[in-house]
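This briefing is for a reader with the coordinates open.

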Amino acid sequence: MSAVYSVDVRIEAPVNDTEVTDRVADAIQNLFPEADPTHQQGALVAEVHTMDGFSELLHRREILDTARSVFFDNLEGDTFAFDVKKQAAFEGRINFAVGDPSELGDIHVNVTVTEPSAEEYIDYVAPPTEDGQPVYDEDT
């Protein structure tokens, strides 16, 4: 049985004068293939309703534990947010930005979960692991 998820994912990335807008758009779409970024006040902004592509990358790169840690550290109610490095995203990799933002700015992602709960959605996107392997709840 698969659960129905209702999520709003807002993605924002600053576009600096030294950057090519299309490259920043590519970086966003590498992590969120469903995104269709639009230019708004010096940034590219996109809204999607799934993190499946992002989740697939987390699984492929075997960084589920890191992702869970970042998501839960930034969880407030039904919302969690995180930043990823633009350059890594352009290369199709996820590199969570912690500490000071890079000089070009990071891609900021804000996730609001309506159904079921933010915790359950995090388990779906980045399931807990045991010995580095995802452990799935039989109900999902």
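The points below are grouped by topic.

The model is predicted, so local features need pLDDT of at least 70 and side-chain atom pairs count only at pLDDT 80 or more, while totals for chains, interfaces and linings use all residues. Residues are numbered from 1 along each chain as its sequence is written, and side-chain values use heavy atoms, with hydrogens and water left out.

**Helix packing**

- Helices (H or I, at least four residues) and strands (E, at least two) are DSSP runs, numbered from the N terminus.
- The axes of α3 (residues 64-73) and α5 (residues 118-125) come within 10 Å and cross at roughly 160 degrees; axes are lines fitted to C-alpha atoms, for helices over the stretch in contact, and angles run from 0 to 180 degrees between N-to-C directions.
- α3 and α5 are therefore roughly antiparallel, the word for angles over 145 degrees; under 35 counts as roughly parallel, 65 to 115 as roughly perpendicular and the rest as oblique.
- L64, R68, F71 and F72 of α3 make the contact with E119, I122, D123 and V125 of α5, where contact means heavy atoms within 4.5 Å.
- These contact residues of α3 and α5 divide into five nonpolar, no polar and three charged (Ala, Val, Leu, Ile, Met, Phe, Trp, Tyr, Cys and Pro count as nonpolar, Asp, Glu, Lys and Arg as charged, and the others, Gly among them, as polar).
- Helix α2 (residues 52-61) packs on α3 at an angle of about 130 degrees, with the axes 8 Å apart, and the pair is therefore oblique.
- F54, L58 and H59 of α2 meet L64, A67 and F71 of α3, a set with five nonpolar, one polar and no charged residues.

**Second largest pocket**

- The volume of the second largest pocket is about 170 Å³, taken as the space filled by probe spheres set on grid points joined across faces, edges and corners.
- On a 1 Å grid over the protein atoms alone, with a 1.4 Å probe, a pocket is an open set of points with protein on both sides within 12 Å along at least five of seven lines, and lining residues have an atom within 4 Å of a point.
- Its lining consists of E19, V20, R23, V24, A27, K86, Q87, F90 and L104.
- α1 (21-31) and α4 (86-90) are the elements that give two or more residues to this lining.
- The lining divides into five nonpolar, one polar and three charged residues.

**Backbone features**

- E115 and P116 are joined by a cis peptide bond, with omega about -10 degrees.
- P116 is in the loop between β6 (107-115) and α5.
- Q41, in the loop between β2 (38-40) and β3 (43-48), has a positive phi near 45 degrees.
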